[in-house]
Amino acid sequence: MAPKEVIKVLVTGAAGQIGYSLLYMVANGDIFGHDQPLDLVMLDIEPMMGVLEGVAMELNDCAFTTLRSVVATADEKTGFSGIDAALLVGAMPRKAGMERKDLLAANVRIFKSQGKALDQFAKKTVKVIVVGNPANTNAGIAAKYAPSIPTRNFSAMTRLDQNRAQHQIAAKCGVTIQDVSGVIVWGNHSSTQFPDVSHAKVNKGGKSLAVYAACNDDAWLKGDFIKTVQSRGAAVIAARKLSSAMSAAKACADHMRDWFQGTKHGHHVSMAVPSDGSYGVPAGLIYSFPVTIENREWKIVQGLEINDFGREKMKVTADELAQERADALAVCQE
Ligand SMILES: NC(=O)C1=CN([C@@H]2O[C@H](COP(=O)(O)OP(=O)(O)OC[C@H]3O[C@@H](n4cnc5c(N)ncnc54)[C@H](O)[C@@H]3O)[C@@H](O)[C@H]2O)C=CC1
Ligand SMILES: O=C(O)CCC(=O)C(=O)O
């Protein structure tokens, strides 16, 4: 078989803590394929160029067979030119006591500027994941300032929330992660998100059971389970004095691997994408839905039955996103 064409991948915030774990997974082929050669561009701010020089040395010293070249830059034109994938991590993280909305004004400006850079310099087929918080709203702003790129090429990361929820269910039911499937995260990557297990299954004792039957603890599923997932980021900050990094990098890798390589037959994953009005979510909001992916195109899973409990939770997080978008647009006008 002829060798694959080289792709160009950008990681922003590459000198940060998520970047350090993520770059390894980009460069070793876990995300884009072990037979997919790639040129890697790392973007960060000027004062971090010394650090990035060291990271570039380490990447080269890993002697990855998939990594063709590494460039470190603080220049957006160099960073965004001709890229096939943009992993937008670079932004300020939340510190103890801060809410995600506190980050909005500082971080939204970064995504306005990077949206313009995508518009001007990236391939029109580029696939974009936003990790930097507030991730959903930042993705919407980047898309707005990149009108020449299809909006559906923009996404935000809620895979970490899905992974966290999956772990909670596996631990509660005493099964392995592989035994839990179909967990959905709806809405915003924030404390209003709705981790929903009403369509999820657990393999237990050789049987496929609905999560409610397998856990046999409705009060936990409707209460502490949801709260634990919603507040997991804050719990990690409280314990580590730094926000989640290794798990965030792994989730980013999961998200982009599935986007480029497709979801397994019969499985869906959670991804924040532009709403088309499905499930009554206002069109245009970057809202986390269950999606399936084939040929690098995602499709929102349709026809899931939503009960009153779920509908109410899905509306709360949509309302928060609408407010965040209004706040972000106001910052962009300043
Ligand atoms: N969506 C999600 O599930 C998660 C999102 N996050 C978010 O990811 C972001 C990054 O987190 P960390 O890596 O822990 O932060 P960090 O502070 O360790 O690294 C951020 C990096 O971004 C760089 N940066 C700042 N402005 C930039 C710009 N304009 N262009 C390029 N680089 C720039 C900084 O210099 C720094 O090296 C934060 O906003 C954090 O809240 C973190 C965990 C999960
Ligand atoms: O701001 C935070 O909650 C920490 C980073 C994050 O988004 C998360 O860990 O979920």
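Guide: Gladly! Let us begin with ligand 2: domain 1 (7-156) and domain 2 (159-324) each supply at least three residues to its shell. Keep in mind that this is a predicted model.

Visitor: Which residues come nearest to ligand 2?

Guide: There are 10 residues around ligand 2, and Arg94, Asn133, Gly233, Ser243 and Ser244 come nearest. Helix α10 (residues 232-240) contributes the most to this shell, with 4 residues. By class, the shell of ligand 2 has 4 nonpolar, 4 polar and 2 charged residues.

Visitor: Why does ligand 1 lie between domain 1 and domain 2?

Guide: Look at who supplies its shell. Domain 1 (7-156) and domain 2 (159-324) both give residues to the shell around ligand 1, so the ligand lies between them.

Visitor: How many residues surround ligand 1, and which are the closest?

Guide: Ligand 1 is surrounded by 29 residues, with Gly13, Gly16, Ile18, Gly90 and Ala91 the closest. Helix α1 (residues 17-27) provides the largest share, 3 residues. Sorted by class, this shell holds 16 nonpolar, 11 polar and 2 charged residues.

Visitor: Now the strands, please. How do β13 and β14 run?

Guide: A general idea comes first: side chains in a regular strand alternate between the two faces of the sheet. Here, strand β13 (residues 286-294) and strand β14 (residues 297-300) run antiparallel, joined by 4 bridges. For instance, Ile293 has Trp298 in β14 as its bridge partner.

Visitor: What lies between β13 and β14?

Guide: The two strands form a hairpin with 2 residues between them. In the turn, Asn295 has a positive phi of about 50°.

Notes: Residues are numbered from 1 along each chain as its sequence is written. Chains are lettered from A and ligands numbered from 1 in the order in which they are written. This is a predicted model: local features need pLDDT of at least 70, side-chain atom pairs count only at pLDDT 80 or more; totals for chains, interfaces and linings use all residues. A residue is near a molecule or strand if its C-beta atom, placed from the backbone, lies within 6 Å of it. Ala, Val, Leu, Ile, Met, Phe, Trp, Tyr, Cys and Pro count as nonpolar, Asp, Glu, Lys and Arg as charged, and the others, Gly among them, as polar. Domain bounds come from an automatic or database domain assignment. Two strands pair if DSSP finds at least two bridges between them.
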